[in-house]
Amino acid sequence: MSRTATVERVTKETTIRVELELDGAGDASADTGIPFFDHMLQQLGKHAGFDLDVSCSGDLQVDGHHTVEDCGMALGQALREALGDKAGVRRFASIVVPLDEAAVEVVLDLAGRTFVVYEVPVPYEEINGFDTGLLEDFVRAFAQSAELTVHVHLRSGRSPHHICEATFKALANALGDAVAPTGRGGVPSTKGTL
């Protein structure tokens, strides 16, 4: 069965289309009008092993918040839909990903329950249109929409760019591991559902 989803989200603030294939080759593209955010979404697809295409037209004349948060919501919805009943997936994953002086840990569970612990005190900087304060907004919107439990911790770091990129790469790797088929049937829960 193909684990894919296409999500379109249209509001007065953004128009978004997300195409996601979990069992892809890591081919990822993004066009949101925020070049650094595009790069981060490409990192997410590449390092998770997902084929991912994200396009967004947002009210960037206001700021980048609606674009970043709404893309998180749409991507989370696509992940939830592509996973279906989650039968046969690994479910849990964790990793620490370094990028030079930065190291970020992500621990997650495809639990079907949303809970976010976010401890990444990233210094403020605008990186090619991306306000680093929006990193947390993306993670929270994504987790809420995907119905994930996720813990994100900054182990070390100084550069806002490196911290943001290590966060996206850690999230990507943990997601790729958690959605991986195990070869065992059934939903990985004693409740019989996630």
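Glu 147 sits in the loop between α3 (134-146) and β10 (149-156). Helices here are DSSP runs of H or I, at least four residues, and strands are runs of E, at least two, numbered from the N terminus. Glu 147 is not a glycine, yet its phi is positive, about 60°. Its relative accessibility is 30%, so Glu 147 counts as partly exposed. The cut-offs: buried is under 20% relative accessible area, exposed is over 50%, partly exposed is in between (1.4 Å probe, protein chains only).

A word on the source. This is a predicted model: local features need pLDDT of at least 70, side-chain atom pairs count only at pLDDT 80 or more, and totals for chains, interfaces and linings use all residues. Residues are numbered from 1 along each chain as its sequence is written, and side-chain values use heavy atoms, with hydrogens and water left out.

Next, Asp 100. It lies in the loop between β5 (92-99) and β6 (102-109). Asp 100 is also a non-glycine with positive phi, about 55°. At 63% relative accessibility, Asp 100 counts as exposed.

Now the inside. Which residues have the most contacts inside the largest nonpolar core? Leu 79 and Phe 138, in a core of 62 residues. Such a core is a set of buried Ala, Val, Leu, Ile, Met, Phe, Trp, Tyr and Cys residues joined through side-chain atoms within 4.5 Å. Helix α4 (residues 160-178) gives the most to this core, 10 residues.

Also in helix α4 is Glu 165. Glu 165 is buried, at 8% relative accessible area.
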